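Please keep the sequence and the 3D view at hand while reading.

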Amino acid sequence: MTQTHSVILKIENITKLHGQFKALNTISLEINRAEIFGLLGPNGAGKSTLLSILAGASKPSSGFAWLDGMEIQPNNLKLRARIGLVPQDFAFYEDLTAKENLLFFGQLFGMQGQVLTNKVNEILEIIGLDDEKAHQYSKYFSGGMKRRLNLGIALVHSPDILMLDEPTVGVDPQSRNRIFEAIKIINAMGTTVIYTTHYMEEAESLCNRIAILNHGEIIACDTLQNLLSLTQTTINFSIHENDQTKSGILQNKLPELKSEPLQGSYSLTSHKNSTPDIINLLVNEKIQIINLHLDSPNLEKVFLSLTGRHLRD
Ligand SMILES: Nc1ncnc2c1ncn2[C@@H]1O[C@H](COP(=O)(O)OP(=O)(O)O)[C@@H](O)[C@H]1O
Ligand SMILES: [Mg+2]
């Protein structure tokens, strides 16, 4: 079945120089309407630089980006109204409460009266800051509460596209879940999401499609499933010492099997769907398994196979 997607954001050959240094090198991407698109890359890859250009907060050295055919440029208020940016740093007033902050930023977008009040209450609920804790000045908030308020501010004007720059750095697991839930709710209401992170688990659990950014270049861009299929599953198992004599049978039937230095330990790189065959073989030959571990594909392995280094170094 072929699926047609409507592109909301088109990025063509964006390069950004900081002096001689190329922070972004000819980036081209298409973001589909209403998807959660992940931008995954290690620190310094260029994620914030790209988001700031896409949000119209800075200019590329060359190249273009269009939101529904409208070229993204700084100081375009019409564009600003359609984009919500959650910056990496906190961008709210510490001497205001969560509600006061949201009301203030809503007014900046020309919102007022009941429409604004309703919107602010809706957001406070979505980000989980509608209890009494949220009535204190935001400078007294925990890291997680501050992150949630930062997210809420980007939502107050109901943007069509939400761009988040590492929104879970320094938060407790509970706040992280809350942020994930809020993003899912916003996305389910039709908002397109660009989610940048250096945590591969976050990209895996949240995103439909993912671009991997490294040294200012997109080194892969695909669905999670297709990216994961770039690497394979490793099956590691050990057999009981009484069955060591049967290792010849294993080696015979599984030519790719590697024996580990520790006697009785084996590992095999295979596609995931051949795992049952291997287990069947062990069972049929009545070989006693004392340990079995599947090392499944993940984005860390994909990154390692593409770059030769770890995502987190
Ligand atoms: N204003 C600047 N001047 C010089 N170098 C910069 C500037 N901003 C970012 N960089 C460099 O550009 C690269 C990408 O930075 P950034 O976009 O912040 O990466 P990320 O968000 O992925 O961690 C880094 O090497 C960073 O040091
Ligand atoms: Mg950054």
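By class, the shell around ligand 1 holds 3 nonpolar, 7 polar and 1 charged residues, where Ala, Val, Leu, Ile, Met, Phe, Trp, Tyr, Cys and Pro count as nonpolar, Asp, Glu, Lys and Arg as charged, and the others, Gly among them, as polar. The model is a predicted one, in which local features need pLDDT of at least 70 and side-chain atom pairs count only at pLDDT 80 or more, while totals for chains, interfaces and linings use all residues. Residues are numbered from 1 along each chain as its sequence is written, and chains are lettered from A and ligands numbered from 1 in the order in which they are written.

The residues that surround ligand 1 are H18, F21, A23, G41, N43, G44, A45, G46, K47, S48 and T49, a residue being near a molecule if its C-beta atom, placed from the backbone, lies within 6 Å of it. At least two residues of this shell come from each of β2 (21–32) and α1 (47–54), and α1 gives the most, with 3 residues. Helices (H or I, at least four residues) and strands (E, at least two) are DSSP runs, numbered from the N terminus.

Two packed helices are described by the angle between their axes and the distance between the axes. Axes are lines fitted to C-alpha atoms, for helices over the stretch in contact, and angles run from 0 to 180 degrees between N-to-C directions.

Helix α3 (residues 98–108) packs with helix α4 (residues 113–126) at an angle of about 135 degrees, their axes lying 10 Å apart. That angle makes α3 oblique to α4, since angles under 35 degrees count as roughly parallel, over 145 as roughly antiparallel, 65 to 115 as roughly perpendicular and the rest as oblique. A98, K99, L102, L103 and G106 of α3 make the contact with L116, K119, V120, I123 and L124 of α4, two residues being in contact if their C-beta atoms, placed from the backbone, lie within 7 Å. The residues of this contact divide into 7 nonpolar, 1 polar and 2 charged.

With α5, helix α3 packs at an angle of about 25 degrees, the axes being 9 Å apart, and α3 and α5 are therefore roughly parallel to each other. Here A98, N101, L102 and F105 of α3 meet L149, G152 and I153 of α5, a contact with 5 nonpolar, 2 polar and no charged residues.

Helix α5 (residues 143–155) also packs with helix α6 (residues 173–188), at an angle of about 15 degrees and with axes 9 Å apart, so α5 and α6 are roughly parallel to each other. G144, M145, R147, R148, L151 and L155 in α5 meet Q174, S175, R178, I179, A182 and I186 in α6, and these residues divide into 6 nonpolar, 3 polar and 3 charged.
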